[in-house]
Amino acid sequence: MNGFSRRDFARLTAVTAGGLTLAACSSPGDDPAPPATPKHTLGPVKQIDAGDLNVGYAEAGPPDGQPVVLLHGWPYDIHSYADVTAILAEQGFRVVVPYLRGFGTTRFRSKDTVRNGQQAALARDAITFMDALGIPAAILGGYDWGGRTANAVAALWPQRCTGLVAVSGYILVSLDANLEPLPPQAEHGWWYQYYFATPRGELGYRRNAKDFNRLIWTNASPLWSFDDATYDLSAASFDNPDHTDIVIHNYRWRLSLAPGEPRYDADERRLADKPPITVPTITIGSDFDGKAKDGNAFRALYTGPYQHRVLDGIGHNVPQEAPERFAAAVVDVGRM
């Protein structure tokens, strides 16, 4: 899931504990919410060579429309954006939604490439993907890993980002900050990160990714009533041969338990300095963000045209839970 700095996360209530509390609020006599299913489907998945990867992606809208690149998180996939994509395509945007490394049909082009999940690697993936499609600049939208990646691109290469929609705000990882312990309740919210730090956790995820990730969906979005078909559509993307390696490296790298690659050191040094983001930006806070949903913790880091929106009753998978409001943010940021 997303990567608040651990200092920021200390301000929040524990995610998992909070999710279980919210889920327990309904009584047996309450009418359950109807299962949420996407209204639209994505078009056929295409493939393109881009840097280290052969990237699988969906595309919609006119080829000459204003480009929008939408980046998904863990443990989700491109289907989070099915409804958002349809809404934006109908309004004339060219929308492209890539599978991140380790998901869906995206594959490494060489067996020798390090299966690296660090934030700078994913940011470079986004740039090489845009280069491969001939997109000089785009509105970037994302949540969780995708939100971090979009923030990193906007921070490192603002000329490639005409606007930013970032769920949970400025969630770039600081390895130094992550070395500091948090209060116990906040540490509890990161239980899966510590599980992944162990050989047992790696083996457990490798064997049980589908069940594990459904638990994360439920805890991160306790008020979202998704059905089996909706989950299964995304769960298929976890069958990628590099999925576990990427996920485990991502979380171990955050705790300085696994090294990054030297080729990304310069990017990581720049990101560690918390560079301000100057491009037009709309950040979105949801129930997942706890007390930080008001956006005050990161407001000063966005120095260009800026808005913050709070979506009460919405969990972590904002584009799939609230597609109209996510799409509206993309449209609005393009006008700022």
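Colleague: How many residues of strand S8 (residues 281-286) are buried?

Modeller: Six of the six residues of S8 are buried, where buried means under 20% relative accessible area with a 1.4 Å probe and protein chains only. Strands here are DSSP runs of E of at least two residues, and helices are runs of H or I of at least four, numbered from the N terminus. This is a predicted model, in which local features need pLDDT of at least 70 and side-chain atom pairs count only at pLDDT 80 or more, while totals for chains, interfaces and linings use all residues. Residues are numbered from 1 along each chain as its sequence is written, and side-chain values use heavy atoms, without hydrogens and water.

Colleague: Which residues of S8 lie on each side?

Modeller: In a regular strand, side chains alternate between the two faces of the sheet. In S8, Thr281, Thr283 and Gly285 are on one side and Ile282, Ile284 and Ser286 on the other, and all are buried.

Colleague: Which strands pair with S8?

Modeller: Pairing requires at least two DSSP bridges between two strands. Strand S7 (residues 161-167) pairs with S8 in the parallel sense over four bridges, and six bridges join S8 to the parallel strand S9 (residues 306-311). Ile284 stands opposite Val167 and also opposite Arg309 in S9.

Colleague: At what angle do helices H3 (residues 82-90) and H14 (residues 323-333) cross?

Modeller: Axes are lines fitted to C-alpha atoms, for helices over the stretch in contact, and angles run from 0 to 180 degrees between N-to-C directions. The axes of H3 and H14 cross at roughly 45° and come within 9 Å.

Technical notes. Buried < 20%, exposed > 50% of the residue type's maximum accessible area, 1.4 Å probe, protein only.
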